[in-house]
Amino acid sequence: MHITAKALLKSFFVNLFLSIIKVVVGFLGKSSALIADGVHSFSDLATDAVAIFGARYALKPADQEHPFGHGRVEYLTCLVIGLVVLLLGLEIVGTAFQSQLIVPARIVIFVSLLTIVAKFLLSTYLLKMGKKYNNVILVSSGKESSMDVISSIFVLISSILMQLSETYSILKYSNVIATIIVGLLVVKTGFDIMKDNISSIIGEQVSDVDQKQMIAVIQAHEAVDHVDQFVVIKNGPYFQITGEISMNEALSLKEVHEVVDHIEEKLKELDARARYITIHVNPSKNLSN
């Protein structure tokens with residue numbers, strides 16, 4: 001099993017456990033905020049399932065219909081994740097105004113603490129793995145889990161404040177307010193995920209790679225006079241590289257072909273994500289001849 005699928009599978013089981021605990025305790029403990037947080041975790045289950053499918057499909061090799069592979073499926077997967085999360089957030093906000101003003105049981109506090117610790121560890125793990133392997137699906141899932149930590153903190157605060165509502169009547173609204181805040185945070189997470197991945201679908205140039213080093217590798221070849229153009233585009237887990245170089249017009253076609261093959265091999269050695277490389281050669285006169 002690929003490392004991305006393994007990470008998402010771990011996330012799936014953690015979210016399954018937390019969602020069941022939060023929803024059950026939310027109903028028994030009469031906490032609408034914890035129920036909303038539990039529904040958020042259930043959405044994580046759905047998005048994890050979508051993410052696992054997307055991660056596996058994105059690794060499919062190129063074929064006749066898809067000469068540059070299936071890497072951009074990652075971005076479509078993240079769009080689905082973002083849309084589901086955004087709609088869920090709107091639903092949570094809408095149901096917040098229908099919740100009853102009931103003091104939740106103290107067990108809600110302990111479950112909220114458990115959730116904060118578990119989701120913090122999970123989000124840290126997903127973000128670390130996502131950055132390590134340059135995987136946008138893991139990063140999106142990590143961001144979603146990070147927002148779940150924040151929402152659980154609001155649930156914890158509201159549950160504590162609700163315990164004091166008999167003394168301070170104004171605090172009886174803290175559970176409703178916390179539910180609305182959780183919903184708005186979920187909406188923001190969904191919107192951010194969608195915004196980031198729409199840019200990648202259109203064709204976003206890679207910013208987290210040292211293009212100067214790649215250009216230096218090309219220019220290091222004695223037959224290359226100059227690098228005229230060099231672009232690196234995100235293509236899921238891989239890079240799509242397009243470049244133009246100038247070479248002595250007196251070189252034979254066979255010699256030019258060998259130089260281009262050598263450059264492609266060096267770029268792939270420099271960064272394993274350099275999968276789809278197209279080098280166009282322009283003629284130039286070598287002044288030394």
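With which residue does Glu 269 form a salt bridge, and how far apart are the closest N and O atoms?

Modeller: Glu 269 forms its salt bridge with Lys 266, and the closest N and O atoms are 3.8 Å apart. A salt bridge here is a side-chain nitrogen of Lys or Arg within 4 Å of a carboxyl oxygen of Asp or Glu. This is a predicted model, in which local features need pLDDT of at least 70 and side-chain atom pairs count only at pLDDT 80 or more, while totals for chains, interfaces and linings use all residues. Residues are numbered from 1 along each chain as its sequence is written, and side-chain values use heavy atoms, leaving out hydrogens and water.

Glu 269 and Lys 266 both belong to helix 8, three residues apart, or about one turn of the helix. A helix is a DSSP run of H or I with at least four residues, numbered from the N terminus. Helix 8 spans residues 253-270 and has the highest confidence in the protein, at a mean of 90; pLDDT is the predictor's confidence in each residue, from 0 to 100. For the protein as a whole, the average pLDDT is 79, and 81% of the residues score at least 70.

As for accessibility, Glu 269 counts as exposed because its relative accessibility is 57%, whereas Lys 266, at 35%, counts as partly exposed. Buried means under 20% relative accessible area, exposed over 50%, and partly exposed in between, with a 1.4 Å probe and protein chains only.

Definitions and conventions. Helix = DSSP H or I, 4+ residues; strand = E, 2+ residues; numbered from the N terminus.
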